[in-house]
Amino acid sequence: MNVFERYESNVRGYCRTWPVVFDKALNAKQWDVDGNEYIDFFSGAGVLNFGHNNLKIRQAMIDYLESGGVTHSLDMYSRSKREFIERFVNVILKPRGLDYKLQFTGPTGTNVVEAALKLARKVTGRRNVVAFTDGFHGMTLGALACTGNQKFHQAAGVELNNVIRVPFDGYLGDGVDTLEPLRRALQDTSSGITPPAAFILETIQAEGGINVASKEWLQQVQQLAREHGSLLIVDDIQASVGRTGHYFSFENLGIEPDLICMAKGIGGYGTPMGVLLIKPELDVWEPGEHTGTFRGQNLSFVAGAAALDYFENDDFLAEVKRKGAITEERLVEMIERANVDIELRGCGMMHGLDMVTGEKAAAVVASAFEQNLIIPTCGPNGRVVKVMPPLTIEDDVLEEGLARLEKAILSL
Ligand SMILES: Cc1ncc(COP(=O)(O)O)c(C=O)c1O
């Protein structure tokens, strides 16, 4: 452990909650260097939808490496990129009647968001974007300006601007139309608020505390954007790739975003990839206008393409819905038995237990870790315990993880 404390920057975070040295992992289990076994309800913050070391995906990567396939290619053409694009179009876009172009950015979510913001500003010639309370979009300056969290803002060291902050659905209590003040202001040429380049939102705010927007609200945001010539950007970096029981989080919600941000799970194996999906008529980039050295991650293309096999038919998504329903049922039981107030939110295999205070949530996480369950917090002051196992978790491991979580909650 000393080597980390002595040489790794203070900025390290998650290792402080789970201060062991991990060594091996398989699907929803991890082992530390002393051989202790853990259940993973964290999934690399939504990266490991197909579990750790998914054997099928790994085999595809091994085959590719052994064939001498290129690993790095910037934005040059490569066989693995061609296969990924073809698979993504045929397995994901076409069956859903969607038409988007793919922009591969640097392989982090924040770089995808930067590209989306820049493109929206370029298309509209406007500066401001609307972002929502508790939104989380990344750590680089443009994306950070859209992120709500104050601690992250303070670390920027410069002004973060060109963002109009609007309350997310439910932020002002049930039944309050959070869009009305902005709607009025945009109709009033003396309001001081000019039409924005874009509205950027997560349909389910993940880091913000598992806040689920309603279908009606999302449609109203889209309508407002359309009325004022603004783009709708859905940041689906954490909630897509099957997490909600749909491939995209916005399916069945009656919206069709102009730009869709994807990263995390799309790389399949924990291998990094960032993709911005762009409606074809909005693809006004000049060649090389948004670059990045690591846009051609061929191992990620191979792993990402292999992961698309899970979406060839509806079986996998049906499994996600089934396991999500089991999870929800068990979480409801726990809340009934608990001695404290807890609010459950979420859908699919993405749930949050709002413990009201950060202290209580931290106590649950610590007690879970004593039982070798890795589970994180999210939301304001970390007050929400976030339940996000790999989508491929086995039923018995899911049950065991939930049993450990219940014990942690009942110990409060
Ligand atoms: C919705 C959303 N957008 C953007 C990001 C930033 O992604 P990255 O950390 O890969 O830059 C995250 C990360 O948690 C996220 O959840």
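## Basis of the description

Helices (H or I, at least four residues) and strands (E, at least two) are DSSP runs, numbered from the N terminus. This is a predicted model, in which local features need pLDDT of at least 70 and side-chain atom pairs count only at pLDDT 80 or more, while totals for chains, interfaces and linings use all residues. Residues are numbered from 1 along each chain as its sequence is written, and side-chain values use heavy atoms, with hydrogens and water left out.

## Thr327 in helix α12

Helix α12 spans residues 315-337 and contains Thr327. Buried means under 20% relative accessible area, exposed over 50%, and partly exposed in between (1.4 Å probe, protein chains only). Thr327 has a relative accessible area of 3%, so this residue is buried.

Contact means heavy atoms within 4.5 Å. Leaving aside residues up to four places away in sequence, Thr327 touches His351, Val387, Leu398 and Leu402.

Two strands pair if DSSP finds at least two bridges between them. Seven strands form an open sheet with mixed pairing, in the order β4-β12-β11-β10-β7-β5-β6. The edges are β4 (101-105) and β6 (163-166); each has a single partner strand, so one side of each lacks a neighbour in the sheet. From one strand to the next, the twist averages 20°.

Within the sheet, β10 (residues 231-235) pairs with β11 (residues 259-262) in the parallel sense, over three bridges. Asp235 has Cys261 of β11 as its bridge partner.

Axes are lines fitted to C-alpha atoms, for helices over the stretch in contact, and angles run from 0 to 180 degrees between N-to-C directions. Helix α5 (residues 79-93) lies across β4, β11 and β12 (274-278). The helix runs at about 135° to β4.

Helix α11 (residues 298-307) is mostly covered, with nine of its 10 residues buried. Among them are Phe301, Val302 and Gly304. The buried residues of α11 pack against α4 (55-66), α5 and β4.

## Cysteines

How many disulfides does a search of the whole structure find? The count is zero, where a disulfide is a pair of cysteine sulfur atoms within 2.5 Å. For Cys146, the nearest cysteine sulfur is that of Cys261, 9.6 Å away. That distance is too far for a bond.

Both residues are covered. Cys146 counts as buried because its relative accessibility is 0%. Cys261 is also buried, with a relative accessible area of 0%.

## The ligand site

A residue is near a molecule or strand if one of its heavy atoms lies within 4 Å of it. The residues surrounding the ligand include Thr108, Phe136, His137, Glu202, Glu207, Asp235, Ile237 and Lys264.

A polar backbone atom of Gly109 is 2.8 Å from an oxygen atom of the ligand. Thr110 has a polar backbone atom 2.8 Å from a ligand oxygen. Gln238 uses a polar side-chain atom, 2.8 Å from an oxygen atom of the ligand.

Thr108 sits in the loop between β4 and α6 (109-124). With 41% relative accessibility, Thr108 counts as partly exposed. Thr108 and Gly296 are 188 residues apart in sequence, and their C-alpha atoms are 13 Å apart in space.

Methods: Polar contact = N/O pair within 3.5 Å; in protein donor to acceptor, adjacent residues only side chain to side chain.
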